[in-house]
Amino acid sequence: MTPPHVKWLNKTKEVIKTAEGVVVEVWELNHQDDPAVLSAWAKHFRQHYCLDEELPELVSGTGKSHSEFLTEIKFPSAKLGSGPATRSGDFGEILVADYLEFVLGYWCPREHRYEDRINANVSDNGSDVVGFRFASEKPSPKDEIFIVESKSGLRPTKENRLQTAVTDSGKDRLREAMTLSALKKRLLRKSRDAALKVERFQNEADRPFTRLSGAVAVLDELTAAKMELDKTQVSEHPNKDKLKLVVIKGISMMDLVHSLYERAANEA
């Protein structure tokens with residue numbers, strides 16, 4: 001089932017063309033003050049860090065409420081250290097995963113990616129978002145793996161976050177084996193069948209497939225307006241012929257992030 005907040009994500013008519021002639025799709029997140037949709041979004045968001053059915057046992061013995069446990073232990077901090085940056089990055093990754101799964105139609109497993117952190121304020125290594133598409137029941141060269149780097153820019157910055165995403169995406173070929181191994185291990189806790197779907201992409205020589213790359217910048221509208229996105233360069237990317245560039249922007253994005261974490265904690 002598609003989460004209701006995905007309806008707020010819409011492709012615009014705006015197109016950015018880089019100096020190299022590469023087209024960048026521009027999407028808008030037109031979030032609104034709709035309590036029902038925001039609550040559903042907050043629940044969907046919370047499940048990435050802690051399944052609701054597991055929460056009572058995790059909280060047991062801590063002396064904390066569900067909200068306190070999530071805010072103080074599971075979620076990145078709103079103020080301390082790298083917590084705000086990790087919040088921003090996690091929000092962007094989860095939104096991009098929603099885009100891959102519910103807009104583009106890829107299978108995009110997220111199991112345990114955020115749940116297993118020892119330090120909630122420190123992001124994980126490996127590729128940011130991975131999606132899979134299968135042409136048939138048997139392995140086919142037309143099967144796709146779509147590996148996407150997501151970079152958020154929800155506060156003023158001079159850095160071209162789309163260029164950073166492209167640069168980091170260029171490293172994904174080296175991180176792919178580690179990322180798939182970690183994903184398969186996490187999926188084995190839930191379903192061997194799901195893990196085998198990932199395993200299908202672990203030996204390209206014996207089981208050829210199509211590899212797609214993506215670079216996405218999730219930006220606040222004011223930050224995006226000052227960012228020289230048209231200067232993004234892809235010529236050095238190892239998969240430049242199958243590289244998709246996307247910008248997702250919205251208003252007051254960091255305020256949205258903090259309110260989403262707060263709602264996710266308070267409604268648990």
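The following legends describe close-up views of a predicted model.

Residues are numbered from 1 along each chain as its sequence is written, and side-chain values use heavy atoms, with hydrogens and water left out. As the model is predicted, local features need pLDDT of at least 70 and side-chain atom pairs count only at pLDDT 80 or more, whereas totals for chains, interfaces and linings use all residues.

View 1. Helices (H or I, at least four residues) and strands (E, at least two) are DSSP runs, numbered from the N terminus. Buried means under 20% relative accessible area, exposed over 50%, and partly exposed in between (1.4 Å probe, protein chains only).

**View 2. The largest nonpolar core and the surroundings of W41.** A nonpolar core is a set of buried Ala, Val, Leu, Ile, Met, Phe, Trp, Tyr and Cys residues joined through side-chain atoms within 4.5 Å. The largest has 43 residues, of which L29, W41, F91, L100, V218 and I248 have the most contacts inside it. Helix α9 gives the most to this core, with eight residues. Apart from it lies another core, of 16 residues, among them V26, A215, A217 and L243. When neighbours within four places in sequence are left aside, W41 is in contact (heavy atoms within 4.5 Å) with H5, W8, L29, F91, L256 and L260.

**View 3. Tilted aromatic pairs at F132.** Rings of Phe, Tyr and Trp (its six-membered ring) pair if their centres lie within 6.5 Å; planes under 30 degrees apart count as stacked, over 60 as edge-to-face and the rest as tilted. By this rule the count comes to 16 aromatic pairs. In one of them, the ring centres of W107 and F132 are 5.4 Å apart and the planes stand at 40°, so the pair is tilted. W107 belongs to the loop between α4 and β3 (129-133), and F132 to strand β3, 25 residues apart. W107 is partly exposed, at 22% relative accessible area, whereas F132 is buried, at 1%. F132 also pairs with F201, with centres 5.1 Å apart and planes at 45°, so this pair is tilted. F201 lies in the loop between α7 (192-199) and β5, so the pair ties together parts 69 residues apart in sequence. F201 counts as buried, at 2% relative accessibility.

**View 4. An aromatic cluster and arginines over ring faces.** W8, W41, F45, Y49, F75, F91, Y114 and Y261 form one aromatic cluster. A charge sits over a ring if NZ of Lys or CZ of Arg is within 6 Å of the ring centre and within 35 degrees of the ring normal. R87 lies over the face of Y261, at 4.3 Å from the ring centre, and R113 over the face of Y114, at 5.6 Å.
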